[in-house]
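Subject: Structure handover

Hello,

Here is the structure I said I would pass on. Please open it beside this message and follow along as you read.

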Amino acid sequence: DFLMEAKDYEEMARHDRSAYSLEQAIQAIWKLEKDVDDESFDRLEHTIHKLEEVHKHILRDSIPSSEMLKAFEYALGNLAHAELEVAEKYSKSNQTSKAKTALKYAQVHVKNALLLHHSEDSTRQSGLHLLHEMDSLFGLESLSDPENTASLDQLIKEVDALVSKIDDSKE
């Protein structure tokens, strides 16, 4: 994941490599935007804006670590939201393989967001719950069943709430 690379490079004071990884992350988000609805598109655009601000600060070596981590956590949450939306779209069109691939990406984004979230609080508990729910969907033969599509919709709502908690938190 490019955001995790950017974090690692920043910790090593390799600002040039960190900035490059962040640029790669932004380009990857642009590619994802074509597969989402208007609401998720707007969320991703806001995410890109936040990441571009972080990028400017990295180039000037002037971003506090906590600010960068919060921006990355927010971005990963929004990426998970978008990937779950893509998974739901594919599940509704009976494309289970593609739906599970998108679900896997969502799961990776939530896991990485949890790696960045250092407090033992309700946000962490929500993230762990999401991972458990996502795991349960991987064992299903098909995600096209209306009950499973409803489960994906519920996950989207839970990720939305999680992103709101991240965005509202003050560190």
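A salt bridge is a side-chain nitrogen of Lys or Arg within 4 Å of a carboxyl oxygen of Asp or Glu. Lys7, Asp8 and Glu11 are linked in a network of such bridges.

Before going further, two notes on the source. The model is predicted, so local features need pLDDT of at least 70 and side-chain atom pairs count only at pLDDT 80 or more, while totals for chains, interfaces and linings use all residues. Residues are numbered from 1 along each chain as its sequence is written, and side-chain values use heavy atoms, with hydrogens and water left out.

Salt bridges

The whole structure has 10 salt bridges. In one of them, Lys7 pairs with Asp8, with the closest N and O atoms 3.1 Å apart. Burial is judged by relative accessible area: buried is under 20%, exposed is over 50%, and partly exposed lies in between (1.4 Å probe, protein chains only). Lys7 is buried at 13%, whereas Asp8 is partly exposed at 35%.

Lys34 forms a salt bridge with Asp35, and here the closest N and O atoms are 3.4 Å apart. Lys34 is exposed at 66%; Asp35, at 24%, is partly exposed.

Glu39 and Arg43 also meet through their side chains, at 3.7 Å from N to O. Both lie in helix α3, four residues apart, which is about one turn of the helix. (Helices are DSSP runs of H or I with at least four residues, numbered from the N terminus.) Glu39 is partly exposed at 46%, and Arg43 is buried at 14%.

Charges and rings

A charge sits over a ring if NZ of Lys or CZ of Arg is within 6 Å of the ring centre and within 35 degrees of the ring normal. Lys89 does this with Tyr90, its charged end being 5.4 Å from the ring centre.

The core

A nonpolar core is a set of buried Ala, Val, Leu, Ile, Met, Phe, Trp, Tyr and Cys residues joined through side-chain atoms within 4.5 Å. The largest one has 50 residues, and Leu3, Phe72 and Met134 are among those with the most contacts inside it. Helices that give two or more residues to this core include α1 (2–11) and α7 (146–168). The largest share, 14 residues, comes from α4.

What does Leu3 touch, leaving aside its neighbours within four places in sequence? Its contacts (heavy atoms within 4.5 Å) are Leu22, Ala25, Leu51, Phe72, Ala75, Leu76 and Leu79.

Regards
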